[in-house]
Amino acid sequence: MDGETIAFNKYETIHTESSYKYTLDGFATLVANVGFQIVNSWVDEESLFRACK
């Protein structure tokens, strides 16, 4: 809560992110399973990044 102090042990690890990689087809299937669909997608020239809407 606001102003709350949380103590960590020295060298304690903190999980900050989970990164998941999907193919476009795999992602389309994943979102279709919950009632969504991909309308448009973009990928950079090196195929390192993709955005979908």
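How far apart are the mean positions of the positive and negative charges of the protein chain? The mean positions of the 4 positive and the 8 negative charges are 3 Å apart. The legends below refer to a predicted model.

**Figure 1. Overall view of the protein chain, with 1 helix and 2 strands.** Read along the sequence, these elements follow the pattern α-β-β. Helix 1 covers residues 24-32, while strand 1 covers 41-43 and strand 2 covers 50-52. The C-alpha trace spans about 45 × 30 × 20 Å along its principal axes. The radius of gyration of the protein chain is 18 Å, whereas a compact globule of 53 residues would have a value near 10 Å.

**Figure 2. Surface of the protein chain, with about 5500 Å² of accessible area.** Carbon and sulfur atoms contribute 54% of this accessible surface. Of the 53 residues in the protein chain, 4% are buried.

**Figure 3. Close-up of a nonpolar surface patch formed by Ile6, Phe8 and Ile14.** Together, the three residues of this patch have about 340 Å² of accessible area. Phe8 is found in the segment before helix 1, and Ile6 is also placed in the segment before helix 1.

**Figure 4. Close-up of Tyr11, a residue other than glycine with a positive phi.** The phi value of Tyr11 is near 70°. Tyr11 lies in the segment before helix 1. Is Tyr11 buried or exposed? Tyr11 counts as exposed because its relative accessibility is 75%, and exposed residues are those with over 50%.

Figure 5. Phi of Ser47 is near 60°, which is a positive value in a residue other than glycine. The relative accessible area of Ser47 is 56%, so Ser47 is classed as exposed.

Terms used:
Residues are numbered from 1 along each chain as its sequence is written. This is a predicted model: local features need pLDDT of at least 70, side-chain atom pairs count only at pLDDT 80 or more; totals for chains, interfaces and linings use all residues. Side-chain values use heavy atoms; hydrogens and water are left out. Helices (H or I, at least four residues) and strands (E, at least two) are DSSP runs, numbered from the N terminus. The radius of gyration is taken over C-alpha atoms; the globule rule is 2.2 Å times the number of residues to the power 0.38. Buried means under 20% relative accessible area, exposed over 50%, partly exposed in between (1.4 Å probe, protein chains only). Accessible areas come from the Shrake-Rupley method with a 1.4 Å probe; for residues, only the protein chains shown count as cover. Lys and Arg count as positive and Asp and Glu as negative; His and the chain ends are not counted. The place of a charge is taken as NZ of Lys, CZ of Arg, CG of Asp or CD of Glu. Patches are made of residues with over 30% relative accessible area and no salt bridge: like charges are joined within 9 Å, nonpolar side chains (Val, Leu, Ile, Met, Phe, Trp, Tyr) within 5 Å. A salt bridge is a side-chain nitrogen of Lys or Arg within 4 Å of a carboxyl oxygen of Asp or Glu.
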